[in-house]
Amino acid sequence: MTDPPGPPPVTTQHNDNRRTGANLLETALSPATVGPRTFGLLFSRPVDGQVYAQPLYLPGLELPGRTVRNVVYVATMHNSVHAFDADDPAAQAPLWRASLGPSAPLPDPDIGPRGYGDITAEVGIVSTPVIDAERRVMYVVAFTKESDGHHHTLHALDVRTGREVLGGPVRIAATVPGTGDGSVDGRLVFTSHRQLQRAALTLANGRVYVAFASYGDKSPYHGWVFGYDATTLRRTGVYVTTPGTGLGGIWQAGQGPAVDDAGDLYLITGNGGFREDGSELGDCIVRLRPDLTVADWFSPFDNAALDAADLDLGSAGPLLVPGTRLLLGGGKTSKFYLLDTRSLGHFHAGSDSQIVQSFPVVPPDGNRHHIHGGAVHWTFPGGPWVYVWPENAFLRAYRFTGGKLVTTPASVSTTTDPTGVPGGSPGMPGGFLSVSAHGSDAESGLLWACHPWKADANQAVVEGVVRVYRASDLTQELWNSRMEAARDDVGLFAKFVPPTVVNGKVYVATFSGALRVYGLLG
C-alpha cells in the first residue's frame, strides 16, 4: 500500500470522525527534524477575534482564477471565517473572509450566570466547523445578537470563495415534547441564549450534526442535538438529553461526537437528570442512530454523586479506538471508561462491572485532575497507545493489550511548569493533543500539546505554550514555544483547542487575535 500523493486534508476536529487526533501521513516532521534550532515560528496571521475552533486545512484547492493553494481556515468569536494561504509567509492577506453576523458582546445578562467568565469579550463561532471536501462546502454555526434577540444559524460556505451556498443560512430552531425545565404546556422550545454550541460540528450519513450545552449551567437548558441534510440544509432530526428534567449538556471541551462505521453517533453528556429507563441521560455515554433516536447508553454507577458534585462525565469527548469496537471516554473524575460499542451497558447499581474496563488515570490526591477534550491514539510497534493530559498532572500514555488498557502508564512526561507544578499543565484545563507520524514508524511519531504556560485558565485568559514530545517516549520533550520565546511565543492560550499538524507545519489557534504557524526553519 502506498501513501496517496500530497498532504491529507484536515476537515474536522481531531482529524477524523473517530476523533483519533492523528495525522499518519506526515513525512517532514519527526524527532530527527524537530528541535529548538530547526523548528519554530514561521509566520502569524492576524484575525479579528479570539479563536475557540481548531484550524482546518485543505490541500491543493483550486481557487477562482485557477490558482491552486493549500488553504488553512480559521473561525473566530467575531463571527468571521478566514481562509489563508497555508504555506507562503508573504501571503499575509486572507484569500477571503466571511462575516456571519453580529457577535454577542459580553457581559450580557441573558448569557450565563452572573460573574460568568468561561468565555470573554464576545460569543460568535465557538465550535470547530466541518468541511465536506467533495462538495467543497464548509458548515459553520454562528451565534448572533440581533434586534429580535439571540440566534444560532447554520451556514454553508463555498471553501473557495466564502460565499453562502445550498440555499443557506438556516436558523437553528425546534419545539419538541417535554415536561422538563423551561417547558410550557408539555413542550420544550430551543432557546439560543441558554444553549452554547461548543462541540465541533460533525459530518456523517449525508447530514451535519450540531450539539449544544449551556453557558455556565444557567438554567433552564438541556442537551440538544440537531441533524441537517448536508445538501439541502433541511432539518432531519432532533434529540434532547433530558426532556423531562434538565441540564445534560454536550460540551466535550469542544470535541465533536464520534461516529462509527455504521454511522451511529457517540456523545458524552454532563450533569443533569437521569432515569434508569434511559428517558433522561445526564452524565451518560449515548449512542444515537443517524436519525438521532437513542440506540444505547451507559451511565456510571455513581451517577447521582457525579451530578451532586458537578463532576461532569462529559467534560471530555469519546474516542472510538481504531480496529476495534471499543469506545474510550473520561471526565472530571479523571477516570477512563472503556466500553463495547455494541453493548454500552446501561446502568448497574453498585459498580460498573458490566463494561469492559474503568480505572483512575490519576489516583485521588486531593487535587483536581479533570480530563478535558479527549484522548488521542496512535498504533506503532510498541502500541497501540492512547495519550491523555489531565489538569494538574503529567502527560501520559496507556498501552492496549488483549482488548484492555494496561492501567500502569506505558510512558509519562517529566515536564514541570515554571512554578514547579508537576505536569507542566497548571490547573484547568490540562493539555490538548494531536499526533503526527508516518504510519506506524516508531521513529516518526510526535505528540503535540497546547496548554496554559503557568496559570489556571478557569474563567481566565492566560499565556499559552505549545510542546512536542517523542510519541514513543514522553520523557523526551523535543521543543516548546518557550525555549526561544522571543521567536516562538504562542501568545494567549486558546482554551480546548488542539494544534493542527499537517504537511510539515503546525497551526495553532490563540486568544491573541492571531493564528500561529510553526514549521522547519530555513
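Student: Is Tyr 398 buried or exposed?
Tutor: This is a predicted model. In it, Tyr 398 has 0% relative accessibility, so the residue counts as buried.

Student: Which ring does Tyr 398 pair with, and what type of pair is it?
Tutor: The partner is Phe 336. The ring centres are 5.8 Å apart and the planes stand at 75 degrees, so the pair is edge-to-face. Anything over 60 degrees falls in that class.

Student: Where do Phe 336 and Tyr 398 lie in the chain?
Tutor: Phe 336 is in strand E25, residues 335–340. Tyr 398 is in strand E29, residues 396–401.

Student: Why does Phe 336 count as buried?
Tutor: Because its relative accessibility is 3%, and the cut-off for buried is under 20%.

Student: How many aromatic pairs does the structure hold?
Tutor: There are 28. One of them joins Tyr 57 and Tyr 507. That pair is tilted, with 6.1 Å from centre to centre and 35 degrees between the planes.

Student: How many residues apart are Tyr 57 and Tyr 507?
Tutor: They are 450 residues apart, so to speak from distant parts of the chain. Tyr 57 sits in strand E3 (residues 56–63), and Tyr 507 sits in strand E37 (residues 505–509). Both Tyr 57 and Tyr 507 are buried.

Student: Which residues do ring pairs link into a cluster?
Tutor: Phe 190, Phe 212, Trp 224, Phe 226 and Tyr 228 form one.

Student: Switching to cysteines. How many disulfides are there in the whole structure?
Tutor: The search finds 0.

Student: And Cys 284 and Cys 450, buried or exposed?
Tutor: Cys 284 is buried, at 0% relative accessibility. Cys 450 is buried too, with a relative accessible area of 5%.

Student: Now sheets. In what order do the strands of the open sheet run?
Tutor: The order is E19-E20-E21-E22, 4 strands with antiparallel pairing. Strand E19 (258–259) and strand E22 (294–298) are the edges, and each pairs on one side only.

Student: How many bridges join E20 and E21?
Tutor: There are 4 bridges, in the antiparallel sense. Strand E20 covers residues 265–268 and strand E21 covers residues 285–288. Ile 268 has Ile 285 of E21 as its bridge partner.

Student: Which strand holds Leu 288?
Tutor: Leu 288 is in strand E21. Its relative accessible area is 0%, so Leu 288 is buried.

Student: How far apart are Leu 288 and Leu 447?
Tutor: In space, 31 Å from C-alpha to C-alpha. In sequence, 159 residues.

Student: Pockets next. How much space lies in the largest pocket?
Tutor: About 610 Å³. The lining has 26 residues, and those nearest the centre are Asp 118, Trp 251, Lys 332, Met 428 and Asn 458.

Student: How does that lining divide by class?
Tutor: The largest pocket has 10 nonpolar, 8 polar and 8 charged lining residues.

Student: And the second largest pocket, how much space is in there?
Tutor: About 230 Å³. Its lining has 16 residues, with Asn 15, Asp 16, Ala 22, Asn 23 and Leu 24 nearest the centre.

Student: Which strands each supply at least two residues of that lining?
Tutor: Strand E1 (22–23) and strand E27 (376–378) do. By class, the lining of the second largest pocket has 7 nonpolar, 8 polar and 1 charged.

How values were computed. Residues are numbered from 1 along each chain as its sequence is written. This is a predicted model: local features need pLDDT of at least 70, side-chain atom pairs count only at pLDDT 80 or more; totals for chains, interfaces and linings use all residues. Side-chain values use heavy atoms; hydrogens and water are left out. Rings of Phe, Tyr and Trp (its six-membered ring) pair if their centres lie within 6.5 Å; planes under 30 degrees apart count as stacked, over 60 as edge-to-face and the rest as tilted. Buried means under 20% relative accessible area, exposed over 50%, partly exposed in between (1.4 Å probe, protein chains only). A disulfide is a pair of cysteine sulfur atoms within 2.5 Å. Two strands pair if DSSP finds at least two bridges between them. On a 1 Å grid over the protein atoms alone, a cavity is a set of points where a 1.4 Å probe fits but cannot get out, and a pocket is an open set with protein on both sides within 12 Å along at least five of seven lines; lining residues have an atom within 4 Å of a point. Grid points are joined across faces, edges and corners, and a volume is the space filled by probe spheres set on the points. Ala, Val, Leu, Ile, Met, Phe, Trp, Tyr, Cys and Pro count as nonpolar, Asp, Glu, Lys and Arg as charged, and the others, Gly among them, as polar.
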